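Please read it alongside the sequence and the coordinates.

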Amino acid sequence: MKKAWKKLLLSLTALLLLVGVAADSLKVRADSPYRTYTIDGYGYVTETQTAYLPFETITKIGDEALVGPTDFTLTDEGSMYILDSGNCRVVVSDMEGNLIDTFGEGILVNPRGMYVTKDLTCYVADRDARSIFVFDRDGELIQTYGKPDHPLYGSTQDFLPLKIVVNESGTMYIICESNNNGIVQISPVEGGTFLGYFGTNNTSASLWRIIWRAIQTDAQRAKSQGNLPSTPDNMAIDEKGLIYTVTRGEKYDTLKRLNIAGVNMIECDAYEDVPAAVAVGNHDNVFVASTNGYIYEYNNEGDLLFVFGGSDDGQQRIGLSTKVEAIQIGADDKIYVLDSDKAQIQIFEPTEFTNYLHEALYLFSKGRYTESKVPLEEVLRMNNLFDYANMAMGKALLQEENYEEAIRYAKLAKDYDGYSDAFWEIRNEWLKRNLVTVVFIIVGLWLAKKLITLADKKWNILKGPRAVLEKLGSRKLIRELRYMFFFIRHPIDGCYGIKRQNKVSLASANVMLIIGILFFIINKYFCGFLFKTVREGYYDIFSDVGLLLVGLLLITGCNYLMCTINEGEGKLKDIYCSFIYSLTPYLVFMPVVFAISHAVTFNESFFVEFAQLFMYAWIAVLLFISIREINNYTIKETVKIIFLTIFTILIALLLAFIIYVLWAQVFDFIQSLCGEVVYKIGN
């Protein structure tokens with residue numbers, strides 16, 4: 001017993017020593033407390049391998065505690081410059097958090113942003129001092145820039161610098177609080193020359209806002225908030241001098257890469273609502289950090305590679321943040337994130353999966369497609385459904401003229417451009433091999449038709465088949481189905497035939513409806529890859545059929561109700577049949593559209609889109625004529641009925657939603673009551 005207690009005491013002592021060592025080092029290691037996600041080719045967020053693991057957390061610089069830090073920079077020499085805003089100073093340390101130097105005390109008032117050049121010149125944006133302070137590598141103040149004295153800057157515009165970056169020529173790009181004109185450009189020439197505004201965000205106004213401002217009085221318009229462009233929240237600069245900005249409220253334009261003319265050169269497929277900072281990676285990639293701790297990684301084209309991290313719930317778990325202020329990328333691809341509330345820097349290291357992806361990303365962005373295949377194969381070995389890797393592999397194979405395999409990878413990645421390019425090459429090769437044969441077949445068929453026609457005139461060889469077709473066409477159902485071709489050419493006379501002459505029946509209308517549903521299902525799930533909008537292998541046929549039938553019944557029923565109230569002459573059967581026969585263009589054109597969708601490339605998709613537009617426009621015209629002719633309305637009355645029908649449908653949907661919510665509450669009550677009864681009986 002004593003030996004057991006002794007072992008326990010020794011174990012506890014060792015544990016306490018380990019905790020003490022960890023506390024002294026002020027660096028913490030842990031496994032990932034978050035999940036990593038990406039976006040697939042269909043635009044859905046999906047979980048993927050962990051891209052980055054929490055590596056360390058620096059909570060102090062030497063023995064110095066940070067207070068409300070707002071910015072930091074990593075240098076090529078292996079040091080960190082941290083803007084210790086609460087203490088109004090700049091702290092310099094090595095990459096492990098050992099103190100090297102401090103400067104700026106007594107000069108800085110409320111510093112908010114910082115940038116360090118390659119020669120270790122430090123620029124600090126001080127909001128309350130309304131100045132840009134410049135320190136040399138020894139921490140000595142060498143220059144101060146205040147508000148630009150230039151009429152284009154604006155005499156009433158204050159100078160409240162928040163963030164700053166500097167290009168190789170020394171030109172400063174400054175984000176100023178409450179300055180909606182854009183990023184301020186100041187040249188160091190002649191003690192600071194205002195060059196103008198750069199990268200101004202666009203403004204947009206909704207239709208409702210335009211109408212509302214149009215009806216406001218001048219006094220009301222003066223008091224209302226103006227439609228001003230947003231001020232960027234943060235920015236970064238790359239080796240080429242391109243400026244990256246992040247701005248909240250801009251949605252898909254949250255992240256911008258601005259060229260020398262201030263034009264955005266990146267289009268992202270995902271955005272962050274509350275961006276805090278942006279950093280440029282080492283492999284033509286970009287990182288955006290949100291205020292609440294989420295980190296987004298994009299490739300050079302703006303495709304989201306990963307999103308990970310998250311907000312700390314108070315448990316102080318490594319890898320989660322409270323209020324992110326800045327993000328930087330180390331030479332070893334580690335991610336450094338500055339948290340002002342926790343006054344610490346969290347470090348994330350890439351996993352093996354991410355290292356392979358970065359290698360492929362870099363090679364691919366430089367056009368070295370064949371070389372990128374080796375790391376891509378490793379990425380796909382770990383996750384064969386990672387869309388970016390499949391896309392890159394497909395393009396690498398396309399460069400090697402392996403078009404069949406390129407198409408396979410393009411389909412996996414939902415890469416429409418890559419698929420289109422590979423398909424064009426395959427189609428081109430097929431045409432080269434088979435064009436002559438196709439021409440001979442067409443000519444042969446034409447000659448055969450001519451010969452059969454001549455033979456039929458001379459010897460009446462088609463008498464038997466004609467008799468069979470005539471007998472088949474005389475059947476009532478076939479005759480009614482053939483009526484749809486007359487209906488689309490002569491809709492007014494067609495409606496008269498439905499209403500007065502019983503040219504159609506419910507049976508023929510239902511057969512057409514079934515054919516239309518089959519065409520819809522086939523086109524939705526089996527159309528050409530470039531036009532497919534559902535996941536490969538995903539089928540929900542019963543829901544599709546249910547929605548189509550409910551939608552048709554709802555439209556027909558609501559229209560009949562409105563027509564009955566407004567003195568319409570149409571019977572329910574006539575309205576239903578006329579609506580079904582108005583869908584004839586869909587039955588006629590959809591097989592053609594379906595076939596074309598398998599034969600065109602991305603550049604030729606116009607043919608499919610135009611055919612669909614023409615088809616739906618024709619259907620809309622037929623529906624309008626049907627409502628008018630079946631009910632004997634004027635054009636004005638027809639328009640009125642259409643709007644009333646739409647309004648009635650919306651009311652019916654609202655009632656259905658209310659009933660669903662109430663029934664769900666009743667069901668939950670019954671379920672909880674039954675559970676309580678079972679619990680009481682069990683006890």
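In helix H6, the residues Asp387, Tyr388, Ala389, Asn390, Met391, Ala392, Met393, Gly394, Ala396, Leu397 and Leu398 are buried, where buried means under 20% relative accessible area, exposed over 50% and partly exposed in between, with a 1.4 Å probe and protein chains only. The model is a predicted one, in which local features need pLDDT of at least 70 and side-chain atom pairs count only at pLDDT 80 or more, while totals for chains, interfaces and linings use all residues. Residues are numbered from 1 along each chain as its sequence is written, and side-chain values use heavy atoms, with hydrogens and water left out.

**Helix H6**

Helices (H or I, at least four residues) and strands (E, at least two) are DSSP runs numbered from the N terminus. H6 covers residues 387–399 and spans 19 Å from its first C-alpha to its last, close to the expected 18 Å, the expectation being 1.5 Å times one less than the number of residues. Of its 13 residues, 11 are buried, and H6 is thus described as mostly covered. The elements that cover these buried residues, by contact (heavy atoms within 4.5 Å), include strands S1 (36–39) and S24 (304–309) together with helices H4 (352–365), H5 (369–382), H7 (403–413) and H8 (416–459). After H6 comes Glu401, which has a positive phi, near 65°.

**Aromatic rings and charges**

Rings of Phe, Tyr and Trp (its six-membered ring) pair if their centres lie within 6.5 Å, and planes under 30 degrees apart count as stacked, over 60 as edge-to-face and the rest as tilted. By this rule there are 33 aromatic pairs. Tyr419 and Phe423 form a stacked pair, because their ring centres are 5.9 Å apart and their planes lie at 5°. These two residues are four apart in helix H8, which separates them by about one helical turn, and both Tyr419 and Phe423 are buried.

The rings of Phe589 and Phe614, by contrast in angle, are edge-to-face, with 5.7 Å from centre to centre and 80° between the planes. Phe589 belongs to helix H15 (residues 584–597) and Phe614 to helix H16 (residues 605–631), so this pair ties together parts that are 25 residues apart in sequence. Phe589 counts as partly exposed at 22% relative accessibility, and Phe614 is also partly exposed, at 40%. Both rings are members of one aromatic cluster, which is formed by Phe589, Phe606, Phe607, Phe610, Phe614 and Trp618.

A charge sits over a ring if NZ of Lys or CZ of Arg is within 6 Å of the ring centre and within 35 degrees of the ring normal. Two such placements are listed here.

| Charged residue | Ring | Distance to ring centre |
|---|---|---|
| Lys334 | Phe55 | 4.8 Å |
| Arg408 | Tyr409 | 4.6 Å |

**Two open sheets**

Two strands pair if DSSP finds at least two bridges between them. Four strands in the order S6-S7-S8-S9 make an open sheet with antiparallel pairing, whose edge strands, S6 (71–74) and S9 (99–103), each pair on one side only. Strand S8 (residues 89–94) and S9 are joined antiparallel over four bridges, and Val90 has Phe103 in S9 as its bridge partner.

Another open sheet, also antiparallel, has three strands in the order S18-S19-S20, with S18 (234–237) and S20 (255–258) at its edges. Strand S19 (residues 243–246) runs antiparallel to S20 and is joined to S20 by four bridges, and the bridge partner of Tyr244 in S20 is Arg257.
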